[in-house]
Amino acid sequence: MKPAIVEKYDSIIQQSDLVSRDLSWLKFNERVLDQSKKIHRNVFEKLKFLAITASNLDEFFMIRVGSLYNYLDYDKERVDYSGLREEPFKMKLMDESHKFHVEQHEHFSQTIMPELQSQGVLLCNISKLTDKEQEKVHDYFVKAIYPMLTPMVYDGYRTFPILMNKLLVFGVVTTSPGDRQDMRKMSFVQIPANIPRFFEIEREDSLLLIPIEEVIRENIVSLFRNVQIEGISLFRITRNGDFTLEESEDMDANFLEEVKRKLMERKSGRVVRIEIEEGYSKWMMNSLLERWNLKMDSVFLVKRASLIDFTGLWQIVGNKKFRERLPQTPDPVKPLSYQDEGIADIFDVLKEKDILLHHPYNNIDSILDLVEKASEDPDVMAIKMTIYRLAKDSRITKALLKAAENGKHVSVLFEVKARFDEENNIREAKKLQKAGCFVIYGISHLKTHTKLLLIVRRDGGEISRYVHLGSGNYNEDTARLYTDIGLMTTNEVLANDVSEFFNVITGHSMPSQYKNLITAPRDMRNQLIEYIEKEAENARNGLPSGIFIKVNSLEDSEIIYALYRASQSGVTVKLIVRGICCLRPGRVGLSENIEVLSIVGDFLEHSRIYYFHNNGDTRTYAGSADMMVRSFDKRLEALFKVESPLLEKQLMNILSYNLKDNVNSYVMQEDGSYVAKQAVGDEPQFNVHREFFDLDAGKVMQVQLVQ
């Protein structure tokens with residue numbers, strides 16, 4: 001963009017009380033990339049974070065940029081929080097995306113590549129190999145790759161082929177001998193996703209990694225015999241993957257078919273980005289831009305010294321040769337409220353007290369063991385669950401299948417609209433359905449994002465209900481990487497609330513109210529605003545007040561303006577927001593009393609905690625919901641109140657520790673940018689992702705958020 005236009009748009013953006021959701025998301029990915037630049041990390045850790053930024057960016061273009069194109073393509077009005085309309089906002093968004101793209105690739109070329117080489121790992125092309133090694137590569141091409149490749153020509157006789165989302169593609173421009181230049185043809189060769197990204201050659205003191213595109217480039221002439229190759233261009237496209245199932249008119253009758261149809265649309269949706277190697281054919285590019293109705297701002301140029309698609313770096317990170325070079329996470333510790341974990345009977349323990357789990361510091365095995373034990377226990381009568389994402393070889397699925405075999409009533413809501421997990425969830429749900437479980441494939445117009453488990457059991461002469469509520473998925477793989485909260489309890493008030501909520505989910509029921517649950521879409525936004533306004537009222541009356549919240553994203557404007565009003569009333573507001581934050585902290589007259597931190601480090605911060613001081617009669621909640629429009633209006637969500645003194649103090653301590661962190665924290669500025677938080681003076685480093693492995697009840701019970 002021209003400097004004058006940039007200045008104009010930046011002025012409009014800065015005048016807004018709200019930060020653009022999409023521009024804020026790009027700032028989040030910058031923080032992830034910053035993790036790849038940390039001096040204390042070795043090159044394999046740096047590779048991991050760089051790969052994460054690439055998969056993040058893919059999703060951003062598929063969903064957020066895809067959504068923007070839905071407005072542009074159908075001429076619908078959209079005014080972003082930044083104050084910009086559709087086309088100007090797209091220009092700003094693409095400008096920022098290009099800056100990030102350049103930063104990614106410079107980091108890879110200038111830092112990652114030299115550090116890999118110092119570790120004996122070399123990314124190289126065919127010309128750097130010995131004759132014997134080149135022969136080995138050629139043999140691999142002939143036997144393993146050549147049969148997989150399908151050149152697809154486009155000319156006046158054949159339709160334009162459907163190029164797949166996120167695959168590497170060679171565009172080859174050819175002419176036949178004697179043909180005029182205007183008779184040239186375009187052909188496309190897609191590299192199948194099931195071919196490893198790098199061909200590995202071991203030398204005595206090093207490992208050579210030859211990108212698969214270099215192997216194919218060297219041999220591509222074998223696919224185009226007796227024609228003249230005018231140009232070879234390597235590129236990759238990203239397609240619009242944003243769709244909402246709410247648009248369907250007939251969800252009940254054809255729900256699964258609708259999901260499957262939308263998955264197919266994701267594979268052939270409109271193109272929103274082209275990544276292409278330098279030196280590309282301009283004739284081919286002009287044809288692609290015209291066909292896909294794109295401008296050059298959607299084209300992202302990659303130098304030959306770099307690499308298209310950094311998600312392929314996972315092959316290096318996951319290589320067993322380097323596994324020990326990644327930092328090892330300490331073993332999980334026993335939950336403060338369940339020190340006899342693994343020894344005592346979980347049913348007996350829960351009859352006596354509640355258990356709070358904080359993953360990954362506490363093992364998810366306690367939950368998995370509860371479900372597995374329930375599936376075998378003759379006294380267990382029923383198991384009900386909501387499932388959003390599962391591990392690929394899930395212990396949960398196996399336990400529920402076992403429960404059904406053992407004659408127990410099993411009800412499961414599988415959210416088949418869980419983005420990018422749709423196919424896996426449909427597959428797992430069908431397994432359970434065949435085994436006799438009562439399976440619900442989500443609720444037509446809402447996503448079920450809440451995480452609930454209810455076990456009904458005979459305990460002597462009475463019936464007991466064992467409940468788990470959490471912020472994270474029942475996924476044993478991600479539970480080692482995500483920080484999450486889970487509560488296990490037999491508390492009758494919560495058990496009644498959860499039973500009522502399951503009736504809402506699986507049947508046709510609308511309870512008048514819940515006692516210790518706040519649920520969406522009906523009550524959550526209004527209830528949270530009521531709590532925020534109570535803090536503001538207390539502050540105006542000279543009473544102690546304070547709001548401390550930890551979420552993944554803060555985007556809902558009604559909540560944001562309620563927090564602004566609380567700040568103006570004198571309430572201390574401290575927010576820990578990992579990703580998107582549309583609130584502007586520290587703006588004079590608007591939000592001087594609001595502080596926003598983002599924590600990005602070894603674990604993905606995924607827990608949601610809400611604390612309202614309420615003049616000492618504290619309200620402390622945890623659960624699955626962020627402060628987003630979709631969470632309040634388009635999802636079934638639940639926040640659960642924690643009342644046990646030790647457990648409530650644990651949640652308060654999580655907030656306190658997050659605020660103390662000076663290793664993984666970034667402080668949000670009033671203009672929407674972020675600055676890494678540093679230890680001050682002689683202040684020791686406080687790494688929140690390590691401190692939770694060394695907790696005791698004494699430390700926790702002393703915590704105070706409002707002094």
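Start with the sheet: 3 strands form an open sheet in the order β1-β6-β5, with mixed pairing (strands are DSSP runs of E, at least two residues, and helices are runs of H or I, at least four residues, numbered from the N terminus; two strands pair if DSSP finds at least two bridges between them). This is a predicted model, in which local features need pLDDT of at least 70 and side-chain atom pairs count only at pLDDT 80 or more, while totals for chains, interfaces and linings use all residues. Residues are numbered from 1 along each chain as its sequence is written, and side-chain values use heavy atoms, leaving out hydrogens and water.

Select 121-123 and 198-202 next: these are β1 and β5, the edge strands, each pairing on one side only. From one strand to the next the twist averages 25° (angles run from 0 to 180 degrees between N-to-C directions, and axes are lines fitted to C-alpha atoms, for helices over the stretch in contact).

Pick V121 and its bridge partner in β6, L207. Helix α5 packs on this sheet, touching β5 and β6, and its direction makes about 145° with that of β5 (contact means heavy atoms within 4.5 Å).

Finally, show α5 (residues 131-145) with α6 (residues 212-219): their axes come within 10 Å and cross at roughly 90°. That makes α5 roughly perpendicular to α6 (65 to 115 degrees). To see the contact, select V137, H138, Y140, F141 and I145 in α5, which meet I212, V215, I216 and N219 in α6. These residues divide into 7 nonpolar, 2 polar and no charged (Ala, Val, Leu, Ile, Met, Phe, Trp, Tyr, Cys and Pro count as nonpolar, Asp, Glu, Lys and Arg as charged, and the others, Gly among them, as polar).

Conventions
Angles under 35 degrees count as roughly parallel, over 145 as roughly antiparallel, 65 to 115 as roughly perpendicular and the rest as oblique.
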